[in-house]
Amino acid sequence: MSSDLITHVVVPGTFDPVTYGHLDVIRRTRRLFPRVTVAVAASVNKHGRGTAFTLDERVEMIRDALELEGLPPDIEVMPFTGLLVNFCKELGAGGVVKGLRAMTDFEYELQQADLNSHLAPDIESIFVMSSPQYGYVSSSIVREIASMGSDVSILVPANVDERLREHFR
Ligand code: PNS
């Protein structure tokens with residue numbers, strides 16, 4: 001088991017699309033670690049369905065949102081395919097950071113963390129509690145509200161709001 005200090009972590013997700021909740025986790029992770037890579041999964045989402053936005057669109061939306069919201073410019077955004085732990089190893093990242101909202105997130109996240117730990121014991125799973133104002137925000141809720149033509153501008157950055165309006169027009 002490695003005892004090296006972790007300086008580079010990955011914040012993975014489907015980001016379909018990125019929300020203020022995700023940006024909050026990314027911002028706080030960057031306060032904890034000097035190097036942060038946001039890893040955008042090419043695969044289907046956790047419910048086994050395809051994504052609303054393509055991989056390229058999801059990557060671009062995060063990059064634009066990070067700039068728009070004034071996050072540190074050294075935060076990288078990269079797409080990945082295959083196993084998350086393999087992507088971490090390729091980058092030399094020592095940990096995976098995820099946001100935890102309600103208890104409902106916990107079981108799913110614990111299962112993934114256990115699996116990742118089994119596959120790659122040296123890669124740490126680290127959790128950041130979501131800020132209370134974003135506890136109810138999720139990409140699926142954002143898509144559902146936007147698909148009904150309602151306003152999601154308090155849940156997502158302006159560039160994502162615009163893309164959602166185009167998508168559901
Ligand atoms: O935003 P999400 O849907 O919670 O992100 C889930 C994600 C993409 C982090 C997870 O599904 C993942 O790591 N996928 C890559 C494939 C993998 O490594 N699977 C084993 C761990 S579940």
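# Reading a predicted model: core, loop and ligand shell

Guide: Start with the core. In this predicted model, the largest nonpolar core holds 32 residues. Ile26, Ile62, Leu66 and Leu164 make the most contacts inside it.

Visitor: Which elements give two or more residues to this core?

Guide: The strands are S1 and S2 (35–41). The helices are H1 (20–32), H2 (55–68), H5 (139–147) and H6 (158–167). H2 supplies the largest share, 5 residues.

Visitor: Take isoleucine 62. What does it touch beyond four places in sequence?

Guide: Isoleucine 62 touches Phe15, Val18, Val38, Val40 and Val77.

Visitor: Where does phenylalanine 15 lie, and what is its phi?

Guide: Phenylalanine 15 is in the loop between S1 and H1. Its phi is positive, about 50 degrees, although the residue is not a glycine.

Visitor: Is phenylalanine 15 buried or exposed?

Guide: Buried means under 20% relative accessible area. Phenylalanine 15 has a relative accessible area of 3%, so it is buried.

Visitor: What is the peptide bond from aspartate 16 to proline 17, cis or trans?

Guide: That bond is cis, with omega near 5 degrees. Proline 17 is placed in the loop between S1 and H1.

Visitor: On to the ligand. How many residues surround it?

Guide: The ligand is surrounded by 14 residues. The closest are Thr14, Ala41, Leu83, Leu84 and Lys98.

Visitor: Which polar atoms lie 2.8 Å from a ligand oxygen?

Guide: One is an N or O atom in the side chain of threonine 14. Another is a polar backbone atom of leucine 84.

Visitor: And how far is lysine 98 from the ligand?

Guide: A polar side-chain atom of lysine 98 is 3.1 Å from an oxygen atom of the ligand.

Visitor: Which elements give two or more residues to the shell around the ligand?

Guide: Strand S1 (8–13) and helix H4 (103–119). H4 gives the most, with 4 residues.

Visitor: Take aspartate 105 in helix H4. Is this residue buried or exposed?

Guide: Apply the cut-off of under 20% again. Aspartate 105 has a relative accessible area of 9%, so this residue is buried. Leaving aside neighbours within four places in sequence, aspartate 105 is in contact with Gly99 and Leu100.

Visitor: How far apart are arginine 27 and glycine 70, in sequence and in space?

Guide: In sequence, arginine 27 and glycine 70 are 43 residues apart. In space, C-alpha to C-alpha, the distance is 9.7 Å.

Key. Residues are numbered from 1 along each chain as its sequence is written. This is a predicted model: local features need pLDDT of at least 70, side-chain atom pairs count only at pLDDT 80 or more; totals for chains, interfaces and linings use all residues. Side-chain values use heavy atoms; hydrogens and water are left out. A residue is near a molecule or strand if one of its heavy atoms lies within 4 Å of it. A polar contact is a pair of N or O atoms within 3.5 Å; within protein, one must be able to donate a hydrogen and the other to accept it, and residues adjacent in sequence count only if both atoms are side-chain atoms. A nonpolar core is a set of buried Ala, Val, Leu, Ile, Met, Phe, Trp, Tyr and Cys residues joined through side-chain atoms within 4.5 Å. Buried means under 20% relative accessible area, exposed over 50%, partly exposed in between (1.4 Å probe, protein chains only). Contact means heavy atoms within 4.5 Å.
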